[in-house]
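Dear colleague,

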Amino acid sequence: MGGIIISGNGTVLIGDAAPITSAPAKMATSSASGSTKMAAIAIPSIKSDNLSANTIAEDSARTEAQNSVGQCAEDEVKQEIKWIKLRACHRDLWDTPIYAEGVEIMVDGDTFKKDINLEKGVSKSSYSSSRDDAANTTHEAGTYYIPDLPPSASKVVVIVNGQSGIEQQIQAEVASLQADMDGLYRDVVDSMTGFQELWDERGVLSFVDGIEAGGEAWASDTKDLFDLETWENIGNILDSALDESVDFLHNYAKDRFDDLNEYILDSEGRLQTPSWLLNKLSADIRQEILNANGYIDDKFDDLSDLGEKTAIIIKYQKEILNLPNLITSRDIDGIERFIDTVLFDIDPDWSKEVKENENYPIIMQLLQDHNVSLTYIAYIDLIIEGIPPSFYVYYAGKGGAYICIELILTLILSFLTLGVGAAAQAANWSAKFSRMATTASKVKSIPNSARALNVFISIIEAINKSNKKLKNVGVLMAKRPIGKFTSPSDDTLDIRKDNIKRDKHCRLCQADHATPRSLMGEVNYV
């Protein structure tokens, strides 16, 4: 990779300041001086005053010639000193910089510099076609500028060696991360047994009592924002998302999948986790639920400020619910487009926080990695589906749909920011549900309901703790070897990394569809 070779600029290279032509020029001047003095001694008839005048003139001419030769030599050095700029970034919408460490520079087969780290940050980098431009952009993230290549430099080889043994460290951190996520998922499922039993027994009919029990805890101005189709849409998309994330994990990170499959798959390899999928409803059942939907107590109008944000989130529910799929399929441009458009409409400050987050180059490393991103999203999908709809409606009534969608958005954005601003989100989450718990009167009759609420409130906090390990993994990934690249001198070596989408395949037949779920799946309550 490389471009036009630009010559004629540069600085003097220490230890090689004079070109080879300067030494012979000085020798010639010294020889001429000696000959002149010998000639003056051999001709005594020349008057002394004429001799003095001629000698001064000759000395002056020699000095002028020496200065001229010296200036030419300096100009020649300046023209021959070479430079190169390294630039590494992803080929995404934002030109996200690549963090790389342990970079070695070789010039014409010899090592010139070692153990270079590219500049860190989130600023966009640029291609430099001149020395001056390269020198003025040394602050750019994912770049490194070398102004003093040897004058003879023609072929520059850049090797990103990384750090030896780094993969073992990464795998150990990922295993620890999976253990944390696994513990959280099991805790969620165990705490939700009462609500899951209710969902298994009554299905969508649990909405009737739940809406009336939890409706008091929601704002009156949200009453027109939720309908049964919203719940059906959530259920269908979540089931599909979990199916695909587990398939991706199996196909791209088999070791991580094997650690997960012992309790989520049946003997034939199909998912047997609790399912949100809503069966087609009879007209009578649908009408009963719709009648219950009309019940919302309006005495909690202190939550009315949620109305506008709630409406926007419901408006973009499909896009939000599809966020996990964008990550598992490694659709980087799709993720960034969501942040630039949908999230900006929901909350401009939140959108800016993600896009300008100093951790985003690290997050990009995590998104690219099969083991990390697929394991993380598989557990997020499992956790979300491990909370049955009956929990949401009993605690939040019709507002439960909003809470579910907001939880998904919060958890995914926590991943995309590595928990930046998460403490405030966790506090708001806790306050919101603690307030709802005091008003949902019928929920106390459901076994384990108090523990279910406590675990639910702790989900965001637990995920944020996991984000610290995520960041550690991303930092280690910057120490991975990347490859070997070649460029001419006096140019920018532009290293780009493509974002290749993952292919979806059934675990059982390898066709391009999601693996079907077990028709006999059930939950064993302990």
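A charge is taken to sit over a ring if NZ of Lys or CZ of Arg is within 6 Å of the ring centre and within 35 degrees of the ring normal. By this criterion, the charged end of Lys120 sits over the ring of Tyr99, 5.3 Å from its centre.

The model is predicted, so local features need pLDDT of at least 70 and side-chain atom pairs count only at pLDDT 80 or more, while totals for chains, interfaces and linings use all residues. Residues are numbered from 1 along each chain as its sequence is written, and side-chain values use heavy atoms, with hydrogens and water left out.

The structure holds eight aromatic pairs (rings of Phe, Tyr and Trp, the last by its six-membered ring, with centres within 6.5 Å; planes under 30 degrees apart are stacked, over 60 edge-to-face, the rest tilted). One of them is the tilted pair of Trp83 and Tyr145, at 6.5 Å centre to centre and 55 degrees between the planes. This pair links distant parts of the chain, with Trp83 in strand S1 (residues 82-90) and Tyr145 in strand S4 (residues 143-149), 62 residues apart. Strands are DSSP runs of E, at least two residues, and helices runs of H or I, at least four, numbered from the N terminus.

Trp83 is buried at 1% relative accessibility, and Tyr145 is buried at 16% (buried means under 20% relative accessible area, exposed over 50%, partly exposed in between; 1.4 Å probe, protein chains only).

Trp94 and Tyr360 also form a tilted pair, because their ring centres are 5.0 Å apart and their planes at 50 degrees. Trp94 lies in the loop between S1 and strand S2 (103-107), and Tyr360 in helix H16 (residues 360-368), 266 residues apart. Both Trp94 and Tyr360 are buried.

Finally, ring pairs link Phe195, Phe391, Tyr392, Tyr394 and Phe456 into a cluster.

Yours sincerely
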